[in-house]
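Please look over the sequence and the structure shown here before reading the report that follows.

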Amino acid sequence: MKLSSIVESISLEVKTGKNNLQNDVTGVYISDLLSDVMANSKEGNIWITLQTHLNIVAVAGLKNLSGIIIVGNRQIQQDVLQKAESEKITVMSTPLPAFEVAGKLYQLLNG
Amino acid sequence: MDETIEGSFQIIGGNFANAGEASMQLKSKLVELGIDEAIIRRAAIATFEAEMNVIIYAAAGRLQYYITPHEVTIKIDDMGPGIENIELAMQEGYSTAPDWVREMGWGAGMGLPNMKKNSDEFKIDSVVGEGTTVKMIIHFS
Amino acid sequence: MTLKDVAEILEADVIADADDLNITIKNACSADMMSAVLYYHTPDSLLITGLTQPHVIRTAEIAGIKSIVFVLDKKPGDDIIALARQKKIPILCTRFCMYTASGKLYAAGLPGCLFK
């Protein structure tokens, strides 16, 4: 499934990397622990987290993730968005909590 | 209940094993007094976040609580690095926690906002190089 | 949904305080950051997490979480199991990741925790 379909179906706000929306999403990984994401996420995964630390951009880049969904209406600091934009990482935002984003994506991708 | 009930705890920086002990004791005192469950939860959450801040950032600290018939006051003094910019520290998502703390599930930049959100009165003072004092009051009605 | 339903859906092992699997779970919260668990309104919730640390149990007790699911076959240490027993918080272990565990429970009708 393309990132753009996911953005549309669960009404995500795209904060950065708007040019990558045609990328394919290979699956979904949820974690707030960066070492966990480094160890267990797969290339092309979309990453759901409430972590907004600057290092999320590096993790997404290193693992070639298709995008980051920041949940729970978390504020994202400007430096994080700037870094994501310059590294061409798609950062999206939603007011929904991680459990519900996962639930909706699971129905969309596996249902 | 006529008198003030008091309690005091020493908190040692870096001691994650005992994290939450002060909050748990305050919680059981409030349960004994028959305080409303939702109010107890607010007090416990605010106290727990305060305890975690001392454990994460400071060398040591002291937590005291005072319960009167109308409210509970929680006061935390620490011997920590102090907070340079309190306004920034109060912003949700802002954190100076090191990576290892984030890997332990803390340092999301929600601690101070959480303490404020759960208190009726919230006051924070800090001197860089000396420490931080937080005072929280939660009313029973 | 009861904890028994949760255990069946997640094909989970119940490893602490298995006495009462009939307790009701009203909603779920998937997170590794403990302040998020404290920030969201989570009484009667199920916490789905990949973090196996004793302070997860303490956070659960303070936030009023009813039960904890550890994902990806992460086995909590004896200290965590002992603390969970003492606090009467049942622990489940599932081989599923946080995404799949959340997806399966959501599909079975469990809502997310309220947050405000």
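## A sheet and an interface

Strand S4 (residues 67-70) and strand S5 (residues 91-93) of chain C pair in the parallel sense over three bridges, where two strands pair if DSSP finds at least two bridges between them, and where helices (H or I, at least four residues) and strands (E, at least two) are DSSP runs numbered from the N terminus. This is a predicted model, in which local features need pLDDT of at least 70 and side-chain atom pairs count only at pLDDT 80 or more, while totals for chains, interfaces and linings use all residues. Residues are numbered from 1 along each chain as its sequence is written, chains are lettered from A in the order in which they are written, and side-chain values use heavy atoms, with hydrogens and water left out.

Within this pair of strands, Val69(C) stands opposite Leu92(C) of S5(C). Both strands belong to an open sheet of five strands in chain C, ordered S1-S5-S4-S3-S2, with mixed pairing. Strands S1 (13-16) and S2 (27-30) of chain C are at the edges and have a single partner strand each, so one side of each is left without a neighbour in the sheet.

Turning to the interface, the table gives its values, with a salt bridge being a side-chain nitrogen of Lys or Arg within 4 Å of a carboxyl oxygen of Asp or Glu, and contact meaning heavy atoms within 4.5 Å.

| Item | Value |
|---|---|
| Contact, chain B | 25 residues |
| Contact, chain C | 20 residues |
| Salt bridge, Arg58(C) and Glu21(B) | 2.9 Å, N to O |
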